[in-house]
Amino acid sequence: MRFFRDLSLSAATAGFVAVLVGFTSSVALIFQAAQALSATPEQITSWIWALGVGMGLCTALPSLWLRKPVMVAWSTPGAAVVASAALAGGLSMAEAVGAFLASGALITLAGATGWFERVMDRIPMALASALLAGVLARFGLQAFGAAATDLALVLVMLVAYLLARRYLPRYAVVVTLAAGVLQALASDRMAWQPIPLALAQPVFTAPEFSVRALVGMALPLFVVTMASQNLPGVAAIRAAGYAMPISRLVAITGLATLLLAPFGGYALCLSAITAAICMGPQAHEDPARRYTAAVVCGVIYLAVGLFGGAVAGTLGAFPKELVSAIAGLALLGTIGSGLSTALADEGRREAALLTFLVTVSDVVIAGIGSAFWGLAAGALALFVQHYGRSRA
């Protein structure tokens with residue numbers, strides 16, 4: 001099978017790092033969102049099952065089909081929207097499921113009609129690259145911010161990364177992760193917990209549709225998922241040089257949301273952060289073989305869903321400083337490439353810089369994250385600076 005011929009240690013490691021970063025960096029928000037809806041422990045387990053199965057299948061299968069790294073994630077800002085809307089509106093779990101279904105239908109429509117891809121086609125590469133660099137830069141900053149609580153671990157990983165980049169560049173992330181794990185073991189930082197080996201059980205919740213849930217949760221969830229997740233997700237794909245059927249992929253995430261919403265799959269979307277890990281040269285020097293990293297990531301996500309307790313316990317054992325450091329170091333190349341492309345065109349440099357700075361600021365306005373506002377700032381700058389000049 002071609003997949004096994006194309007698979008490499010660096011790609012498999014990139015897939016694992018993507019899951020480690022994606023899961024540990026935001027799973028707490030998933031629990032908060034479910035708890036805000038008064039979810040039972042069984043329902044919370046069902047949420048992890050639905051999201052893990054959805055991300056796993058939507059990542060692995062299209063990647064194998066296209067032989068390109070398709071990366072799908074849960075909507076992290078969407079979880080925050082669900083939590084805040086549930087608390088503010090006193091919504092029930094059934095009403096929330098109705099909102100998930102409505103949002104999933106809108107995402108499917110955005111993909112099926114192709115309007116979202118048409119909007120993305122009009123965004124200059126300089127702004128798209130600046131947007132991606134801004135989204136990822138926060139993880140680069142967190143990598144070195146982790147030194148405040150575990151200096152030895154971060155230094156060991158940094159030195160390992162630099163040495164590997166010189167002598168074993170293809171395996172830099174592998175070596176860095178191994179060095180971090182060894183240092184964490186030596187300093188007794190691994191938080192091992194008893195691991196229950198049991199299959200997660202999905203719990204069905206019948207939807208209930210209400211105006212307050214549609215207005216207070218469904219519409220904000222749709223807008224935030226498209227603006228703060230799918231938008232930088234497409235930027236990551238294009239910055240990596242891949243041509244993919246964006247509309248179909250967005251529609252797939254919407255359909256998966258529709259199928260899994262009654263079990264807790266509140267919103268699936270294209271990924272930017274984990275995509276950058278699996279789409280970059282650290283996954284494989286040959287872009288045509290990087291899809292294997294996405295497939296490995298998808299298989300692990302599927303295991304997260306099916307064996308939620310066991311996999312969550314394993315991933316949760318890693319110190320947060322190790323996760324921050326490996327994420328930031330693994331993304332250095334993509335951040336640098338994004339900035340280089342963003343600032344290469346002198347005529348668009350200032351607009352790209354505005355996009356980068358607003359995005360990295362992490363500002364949230366009207367519930368919408370900085371990725372959207374960064375792009376809006378850059379587009380406004382281009383309009384003011386260049387509109388009408390070609391006809392002058």
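The crossing of helices H5 and H10 is right-handed. The structure is a predicted model.

**H5 and H10**

H5 covers residues 93–113 and H10 covers residues 211–239. Their axes come within 8 Å and cross at roughly 40°. On the H5 side, the contact is made by Glu-95, Ala-96, Gly-98, Ala-99, Phe-100, Ala-102, Ser-103, Leu-106, Ile-107 and Ala-110. On the H10 side, the partners include Arg-212, Leu-214, Met-217, Phe-222 and Met-226. The residues of this contact divide into 15 nonpolar, three polar and two charged.

H10 has a kink of about 30°, centred on Met-226. Met-226 is also one of the H10 residues in the contact with H5.

**H3 and H11**

H3 (residues 41–66) packs against H11 (residues 246–260) at an angle of about 150°. This makes H3 roughly antiparallel to H11, because angles over 145 degrees are counted that way. The crossing of H3 and H11 is right-handed. From H3, the residues Trp-49, Ala-50, Gly-54, Cys-58, Pro-62, Trp-65 and Leu-66 take part. They meet Arg-248, Leu-249, Ile-252, Ala-256 and Leu-260 of H11. By class, the contact has 10 nonpolar residues, one polar and one charged.

**H7 and H16**

H7 (residues 125–145) and H16 (residues 332–344) also pack at an angle of about 150°, so H7 is roughly antiparallel to H16. Is the crossing of H7 and H16 left-handed or right-handed? The crossing of H7 and H16 is left-handed. H7 contributes Met-125, Ala-126, Ser-129, Ala-130, Leu-132, Ala-133, Leu-136, Ala-137 and Gly-140. H16 contributes Thr-334, Ile-335, Gly-338, Leu-339, Thr-341 and Ala-342. The residues of this contact divide into 10 nonpolar, five polar and no charged.

**The pairs in a table**

| Helix pair | Axis distance | Angle |
|---|---|---|
| H5 and H10 | within 8 Å | roughly 40° |
| H3 and H11 | 10 Å | about 150° |
| H7 and H16 | 8 Å | about 150° |

Key
Residues numbered from 1 in each chain as written. Predicted model: local features only at pLDDT ≥ 70, side-chain atom pairs only at ≥ 80, totals over all residues. Heavy atoms only, no water. Axes fitted to C-alpha atoms, helices over the stretch in contact; angles between N-to-C directions. Helix = DSSP H or I, 4+ residues; strand = E, 2+ residues; numbered from the N terminus. Left-handed = near helix turned anticlockwise from the far one by under 90°. Contact = heavy atoms within 4.5 Å. Nonpolar A, V, L, I, M, F, W, Y, C, P; charged D, E, K, R; others polar. Bend = angle between axes of the 7 residues up to and from the residue. Parallel < 35°, antiparallel > 145°, perpendicular 65-115°, else oblique.
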